[in-house]
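Take a moment with the sequence and the 3D view.

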Amino acid sequence: MLDNAKRALRQRMLQERAALSKLERERISEGIYRNLLSDKGLANSKVIFLYCSTNDEIDTDKIAEYCLLSGKTVCAPRCIGHGVMSAHEIKSLSGLVPGKYGIREPKPDSRVVSPDQIDLVLAPCLCADRRGYRLGYGGGYYDRFLEKTSATIVALCASSRLMPLIPADGHDCRCHKIVTDTEVVVTYEK
């Protein structure tokens with residue numbers, strides 16, 4: 001029952017996201033970037049783990065460049081098996097290569113970063129709720145990875161897809177914050 005509810009919501013969110021114009025996606029990404037930079041969590045973090053955005057997702061390239069220029073260690077996911085990913089350091093966006101599902105990821109020989117070294121995780125989502133639950137793509141990659149880290153978890157989400165409640169179960173990891181294009185929602189303190 002819960003899986004069906006998640007599947008239906010995921011499909012609806014994918015359709016809504018795909019219907020956005022390029023200009024609207026850029027406006028949302030810019031608002032999230034501004035709100036993320038104004039939040040102390042990013043400023044106080046030394047090791048950042050972030051997803052490599054696709055054309056439809058909240059853009060993380062500008063965030064990665066800012067972190068790299070600020071002297072922070074930036075790492076990104078690399079798929080290493082079904083439902084499993086590891087964090088690998090990136091020195092520049094040009095060091096990313098197409099990986100599984102066509103998503104950019106660090107090269108195979110890049111340095112692995114242990115989950116316990118990460119201060120801040122920027123997680124993708126199709127939608128999120130004010131309790132801190134995020135709906136991803138259904139592969140469980142992030143939930144499995146997030147169980148291994150004590151980092152602050154932040155979901156990047158368009159304000160139009162921040163909902164009062166989304167379906168969640170015991171396997172879903174809560175985010176500490178949801179950063180949207182209009183606000184920073186603190187869901188619970190570490």
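**Charged pairs and a nonpolar core**

R12 and E16 sit four residues apart in helix α1 (residues 2-18), so about one helical turn separates them. This is a predicted model. Side chains of opposite charge can pair when their charged atoms come close. R12 and E16 do form a salt bridge, with their closest N and O atoms 3.4 Å apart. How accessible is R12? R12 counts as partly exposed, at 42% relative accessibility. E16 is partly exposed too, with a relative accessible area of 35%. Now look across from helix α1, where E16 is found. The C-alpha atoms of E16 and R161 are separated by 9.0 Å, although these residues lie 145 apart along the chain.

Move on to helix α2 (residues 22-38). Here E26 and K22 are four residues apart, so about one helical turn lies between them. Their side chains meet in a salt bridge of 3.7 Å, N to O. E26 counts as partly exposed, at 43% relative accessibility. K22 is exposed, with a relative accessible area of 58%. Salt bridges also link up: those that share partners join K6, D169 and D172 into one network.

How many salt bridges does a search of the whole structure find? The search finds 15. One of them pairs R134 with D143, and the closest N and O atoms are 4.0 Å apart. Are R134 and D143 buried or exposed? Both R134 and D143 are buried.

Look for E89 in strand β3 (residues 84-90). E89 is buried, with a relative accessible area of 14%. Which residues does E89 touch, leaving aside its neighbours within four places in sequence? They are T73, V74, C75, P106, S110, R111 and V113. With R111, the side chain of E89 makes a polar contact of 2.7 Å. A polar contact of 3.1 Å joins the side chains of E89 and K91. Q117 is 28 residues from E89 in sequence, and their C-alpha atoms are 12 Å apart in space.

The largest nonpolar core has 48 residues. Which residues have the most contacts inside it? They are F49, I63, I118, L122, L156 and I178. Take L156 and leave aside its neighbours within four places in sequence. L156 is then in contact with I32, Y51, I58, T60, I63, L122, A123, C125 and V179. Another core, of eight residues, lies apart from the largest one. Among its residues are L9, Y133, L135 and M163.

A disulfide is a covalent bond between the sulfur atoms of two cysteines. How many disulfides does a search of the whole structure find? The search finds zero. C125 is in no disulfide, and its nearest cysteine sulfur, that of C157, is 3.9 Å away. C157 is in no disulfide either; its nearest cysteine sulfur is that of C125. C125 is buried, with a relative accessible area of 7%. C157 is buried as well, with a relative accessible area of 1%.

Conventions. Residues are numbered from 1 along each chain as its sequence is written. This is a predicted model: local features need pLDDT of at least 70, side-chain atom pairs count only at pLDDT 80 or more; totals for chains, interfaces and linings use all residues. Side-chain values use heavy atoms; hydrogens and water are left out. A disulfide is a pair of cysteine sulfur atoms within 2.5 Å. Buried means under 20% relative accessible area, exposed over 50%, partly exposed in between (1.4 Å probe, protein chains only). A nonpolar core is a set of buried Ala, Val, Leu, Ile, Met, Phe, Trp, Tyr and Cys residues joined through side-chain atoms within 4.5 Å. Contact means heavy atoms within 4.5 Å. Helices (H or I, at least four residues) and strands (E, at least two) are DSSP runs, numbered from the N terminus. A polar contact is a pair of N or O atoms within 3.5 Å; within protein, one must be able to donate a hydrogen and the other to accept it, and residues adjacent in sequence count only if both atoms are side-chain atoms.
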